[in-house]
Amino acid sequence: MKKVFVKSYGCQMNVYDAERMADVLAVKGYSETKAMEEADLVILNTCHIREKAAEKVYSELGRVRELKEERGEAGRDTKVVVAGCVAQAEGREILRRASVVDVVVGPQNYHRLPDLLDQADRGRVVDTEFPVEDKFDHLPLASRARTISRGVTSFLTIQEGCDKFCTFCVVPYTRGAEVSRPVARIVDEALRLADAGVRELTLIGQNVNAYHGEGPDGATWTLGRLLHRLAEIPGIARLRYSTSHPRDMDQELIAAHRDIPAVMPFLHLPVQSGSDRILAAMNRKHTSDEYRRVIESIRRARPDIALSSDFIVGFPGETDSEFEDTLRLIADVGFATSFYFKYSPRPGTPAAEIAAQIPESVKAERFARMQNLLETQRQAFNHGTVGRTMDVLLEKPGRHLGQMAGKSPYLQPVQFETDTHRVGEIVRVRIVRAGSNSLFAEQAAPGDRAAA
Ligand code: 5AD
Ligand code: SF4
């Protein structure tokens with residue numbers, strides 16, 4: 001049996017895509033390996049969002065080349081595929097820069113991998129055209145055994161692409177226009193996942209709350225409506241979605257946080273900046289006050305909701321006081337956790353053309369200040385859960401014997417002392433201590449009320 005090694009960089013969508021590539025190849029007789037040196041097929045599933053991420057692929061390809069040579073000397077062939085967003089953005093250029101690569105395939109074309117690998121026997125191939133067919137119609141669903149092996153939480157792509165065109169972002173170019181999958185297909189996939197023991201679904205999309213898929217009734221369904229349908233599936237106890245745009249937080253979706261117990265009280269809602277001038281230059285199509293109002297309305301619906309966001313420091317032209325506006329917004333809103341990045345100019349995006357690029361030293365200084373504030377908030381949030389009772393979904397064995405590792409409703413990693421519970425169970429626990437990255441919990445006393 002041939003072996004495939006897949007390495008994914010970047011976002012959750014790439015993690016999902018990597019699994020689907022493995023599923024497509026499983027049908028063709030490939031089994032997965034975690035050791036690159038024993039792979040007959042190496043796939044790098046790449047990310048183009050920032051320069052650092054994009055450059056990683058070339059250094060990794062250097063390693064792959066050594067490996068291919070070593071295997072070649074031992075008489076074994078190795079095929080090398082570059083997939084994902086760098087593939088989409090750079091296409092043929094990758095073949096020029098890296099002679100080791102056999103196939104370059106974009107995120108909308110990986111259902112064709114078996115064909116492309118056959119073609120690669122006759123010469124190197126690039127497939128980055130946006131296809132007329134929908135890849136999801138051509139992808140096999142994973143077998144039950146494969147799904148079981150992947151654990152009790154799962155991503156499920158419901159939407160792909162983005163029509164927002166924030167001026168810093170490559171996504172609308174690499175992932176293409178916004179497309180929503182039909183409700184029936186999503187429900188089918190969710191039923192199969194539930195049947196294989198999945199308890200928690202994270203619905204993913206580059207603009208997941210812009211979801212507008214065709215419903216079984218012929219009407220267009222929003223994300224709020226879809227959440228109601230998925231919550232009916234037996235076994236599915238937890239629903240999350242990521243990543244969202246503030247403009248698309250409609251009333252139906254906000255109400256879903258109030259009305260559906262399975263929708264977890266955690267929301268990743270990127271704001272990027274707290275300055276209205278920078279938000280306009282980013283083409284975010286909302287002000288900082290509009291963001292605050294959306295947050296207020298979500299908190300009214302679900303008072304215990306924990307929030308996270310993405311931030312960019314050093315967007316072209318950002319002044320000290322505009323940066324301070326962002327720190328003020330962070331202080332006002334209060335985030336449980338967040339992601340923050342130094343602005344990285346991306347080829348082909350409007351912001352990369354702005355003359356007033358910010359010096360690296362200024363970006364670094366702002367980054368450090370933001371880190372300080374967000375890290376303090378994260379620790380405060382985690383410490384604030386000590387003494388509370390909450391439900392934890394057990395995902396895998398813990399760090400030590402007699403421990404299980406799981407997640408709180410707020411997506412915090414939890415280590416739980418137990419000898420009796422199993423993966424997939426949702427257990428009411430009491431948080432006894434907060435470490436720097438995990439919470440530590442013991443079983444709650446009978447009758448303890450959960451916070452969420
Ligand atoms: N530079 C820095 N960060 C970026 N992001 C997207 N594009 C860039 C860029 N050019 C960040 C945004 C986005 C997250 C996924 O990555 O914060 O929300
Ligand atoms: Fe990029 Fe903006 Fe679309 Fe998010 S909403 S994927 S940041 S263009």
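Which residues are around ligand 1? In this predicted model, the residues around ligand 1 are Ile49, Arg50, Phe168, Gln272, Asp310, Ile312, Phe341, Lys342, Tyr343, Ser344 and Arg346.

**Ligand 1**

- By class, the shell around ligand 1 is made up of five nonpolar, two polar and four charged residues, and strand 15 (306-313) and strand 16 (337-342) each contribute at least two residues to that shell.
- Two side chains approach oxygen atoms of ligand 1: a polar side-chain atom of Gln272 lies 2.6 Å from one oxygen atom, and an N or O atom in the side chain of Asp310 is 2.6 Å from an oxygen atom of the ligand.
- Phe168 takes part through its backbone, where an N or O atom lies 3.0 Å from a nitrogen atom of ligand 1.
- Taken alone, ligand 1 exposes 400 Å², and the protein buries 86% of that area.

**Ligand 2**

- Ligand 2 is surrounded by Cys162, Lys164, Phe165, Cys166, Phe168, Cys169, Val171, Pro172, Asn207, His245 and Arg284, a shell that by class holds seven nonpolar, two polar and two charged residues.
- Phe168 belongs to the surroundings of ligand 2 and is also listed among the residues around ligand 1.

**Cysteines**

- The structure holds zero disulfides; Cys11, for its part, is in no disulfide, and the nearest cysteine sulfur, that of Cys47, is 6.4 Å away.

**Helices and selected residues**

- In helix 11, which spans residues 251-259, the residues Leu253, Ile254, Ala255, Ala256 and His257 are buried, and the buried residues of this helix pack against helix 10 (223-231), strand 13 (238-242), strand 14 (266-268) and helix 13 (288-301).
- At the start of helix 11, a side-chain oxygen of Asp250 reaches to within 3.2 Å of the backbone nitrogen of Glu252.
- Lys68 is found in helix 2 (residues 51-73) and, leaving out residues up to four places away in sequence, touches Thr78, Val80, Val100 and Asp102; the C-alpha atoms of Lys68 and Val100 are separated by 7.9 Å, although the two residues are 32 residues apart along the chain.
- Thr157, which lies in strand 7 (residues 153-157), counts as buried because its relative accessible area is 0%, and beyond its neighbours within four places in sequence it is in contact with Met13, Tyr16, Phe136, Arg181 and Ile204.

**Backbone features**

- A cis peptide bond, with omega at about 5°, joins Ser242 and Thr243, and Thr243 has its place in the loop between strand 13 and helix 11.
- Gln272 has a positive phi of about 75° although it is not a glycine; this residue, which lies in the loop between strand 14 and helix 12 (276-281), counts as buried at 7% relative accessibility.
- Asn283, found in the loop between helix 12 and helix 13, also has a positive phi, near 60°, in a residue other than glycine, and at 28% relative accessibility Asn283 counts as partly exposed.

Technical notes
Residues numbered from 1 in each chain as written. Chains lettered and ligands numbered in written order. Predicted model: local features only at pLDDT ≥ 70, side-chain atom pairs only at ≥ 80, totals over all residues. Heavy atoms only, no water. Near = heavy atom within 4 Å. Polar contact = N/O pair within 3.5 Å; in protein donor to acceptor, adjacent residues only side chain to side chain. Areas by Shrake-Rupley, 256 points an atom, 1.4 Å probe, with all protein chains shown as cover. Helix = DSSP H or I, 4+ residues; strand = E, 2+ residues; numbered from the N terminus. Nonpolar A, V, L, I, M, F, W, Y, C, P; charged D, E, K, R; others polar. Disulfide = S-S within 2.5 Å. Buried < 20%, exposed > 50% of the residue type's maximum accessible area, 1.4 Å probe, protein only. Contact = heavy atoms within 4.5 Å.
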